[in-house]
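I opened the model to look up a few sites and keep short notes. The entries are below.

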Amino acid sequence: MKAIQLITCGTPGKFELRELPEPQPGSGEVIVEVKACGLNHLDLWLESGGLPMPVPLPRTPGCEVAGVVCAVGAGVGEWKLGDAVAVQSNLFCGECEFCQRGDESLCLRGELLGIGRDGGFADRVMVPARVLLRLPAGVDFATSAALTLAGSTAMHMLTNRAQIRAGDWVLAIGGASGVGSAAIQIAKQLGARVISTGSTEAKRRLAKDLGAEFVVDVTQTHWPVEVRKLTNKRGVDVIVEHVGGDVLPKCFDCLARGGTIVTCGATAGRDVALNLWPIFVKEQRLIGSYGRNRADFRATLDWAAAGKLKPVIDACFPLDQTPAAFVKLRSRTVLGKVLIKP
Ligand SMILES: [Zn+2]
């Protein structure tokens with residue numbers, strides 16, 4: 001089978017389209033024929049060597065897989081050939097204390113598809129059967145591959161890590177990103193009033209189209225002042241943050257008393273200096289969020305089937321053009337998602 005492999009880390013990294021032996025499913029494993037696979041910042045971190053753990057190379061990236069079951073290993077009873085499935089990228093053991101209570105995002109033996117083992121920028125991928133979900137009627141492969149990672153991350157942030165009450169003000173950072181575009185839609189469905197941010201006119205227009213009531217221009221240094229003005233100086237109740245760097249401290253300037261920032265990433269930097277005084281005086285919270293639970297993954301697909309959550313797809317690339325897709329995502333001009341279709 002064909003696979004795109006990262007040979008050497010860098011910006012850009014060195015990729016090769018390689019012919020690899022067909023994967024043979026072990027006990028409890030399935031082989032999925034990849035129909036579409038989303039590209040994510042996780043892939044860019046892998047490419048640049050920016051992950052905080054060692055990754056043996058060569059490695060086939062690709063963590064957001066939708067496809068068709070094409071082989072099953074021993075002991076796999078629930079899946080048969082031809083089933084259309086989505087693959088949960090945070091592979092979990094299903095047995096540790098956290099998995100037992102439904103917190104697969106905290107699995108003690110968790111592994112990331114496309115990082116810890118070969119992923120979906122290939123004709124076929126091997127994963128444990130337990131991480132599959134059946135694609136609901138009306139959800140096609142591209143929709144699944146554009147929603148199941150970033151969309152379920154936003155679902156986890158807004159329905160598990162933070163809770164939203166109808167009428168809350170929610171600030172979704174980066175409304176044209178995978179997480180941001182899903183967060184706008186989810187918060188809106190939960191009855192929130194949504195403000196978003198964007199660095200270009202096209203990104204701000206997309207955030208509006210997705211349901212943001214107001215969108216502020218983050219290239220203006222006073223953008224947190226804008227957010228406070230829009231909320232009558234009160235500030236917002238919940239902020240969906242995934243940028244880090246100098247954006248996170250500015251988010252605290254936008255946050256109401258008793259408000260919550262939930263963060264799932266740090267694409268602009270992981271080391272952040274915070275002034276703790278206003279945080280404890282205003283009883284604010286900063287909550288981490290990592291991946292998703294099974295329940296979030298299922299909810300994301302169910303919401304997509306119900307038309308409550310729509311993917312935003314910027315571009316689709318064939319497998320052999322995967323390096324160009326990495327360049328496009330890194331260019332920060334992407335509106336929504338970039339997909340690879342082997
Ligand atoms: Zn576990």
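This is a predicted model: local features need pLDDT of at least 70, side-chain atom pairs count only at pLDDT 80 or more; totals for chains, interfaces and linings use all residues.

**Metal site.** I first looked up what holds the zinc ion. I found the SG atoms of C93, C96, C99 and C107 coordinating the zinc ion at 2.3 to 2.4 Å. I then checked the geometry: the angles among the 4 donor atoms run from 103 to 118 degrees, and the site is tetrahedral. Along the chain, I read the donor spacing as C-x2-C-x2-C-x7-C. C96 counts as buried because its relative accessibility is 6%, under the 20% cut-off. C99 is buried too, with a relative accessible area of 7%.

**Cores.** I looked up the largest nonpolar core and noted 45 residues in it. V32, V65, V87, F121, V127 and L132 have the most contacts inside this core. Strand β3 (residues 29–39) gives the largest share of the core, 5 residues. Another core, of 38 residues, lies apart from it and includes V139, I186, V194 and I287. I went back to V127 and listed its contacts beyond four places in sequence: G28, E29, V30, V32, V87, L113, R117 and L132.

**Q185.** I found Q185 in helix α5 (residues 178–189). Is Q185 buried or exposed? Its relative accessibility is 8%, under 20%, so Q185 counts as buried. The side chain of Q185 reaches the backbone oxygen of S181 at 3.1 Å. Leaving aside neighbours within four places in sequence, I noted L210, K308, L309 and K310 as contacts of Q185.

Methods. Residues are numbered from 1 along each chain as its sequence is written. Side-chain values use heavy atoms; hydrogens and water are left out. Donors are N, O and S atoms within 2.8 Å of the metal (3.2 Å for Na, K and Ca); water is not among the atoms, so sites may look incomplete. Four donors count as tetrahedral if all angles lie between 85 and 135 degrees; four count as square planar and six as octahedral if opposite donors are over 155 degrees apart and all others between 65 and 115; anything else is irregular. Buried means under 20% relative accessible area, exposed over 50%, partly exposed in between (1.4 Å probe, protein chains only). A nonpolar core is a set of buried Ala, Val, Leu, Ile, Met, Phe, Trp, Tyr and Cys residues joined through side-chain atoms within 4.5 Å. Helices (H or I, at least four residues) and strands (E, at least two) are DSSP runs, numbered from the N terminus. Contact means heavy atoms within 4.5 Å. A polar contact is a pair of N or O atoms within 3.5 Å; within protein, one must be able to donate a hydrogen and the other to accept it, and residues adjacent in sequence count only if both atoms are side-chain atoms.
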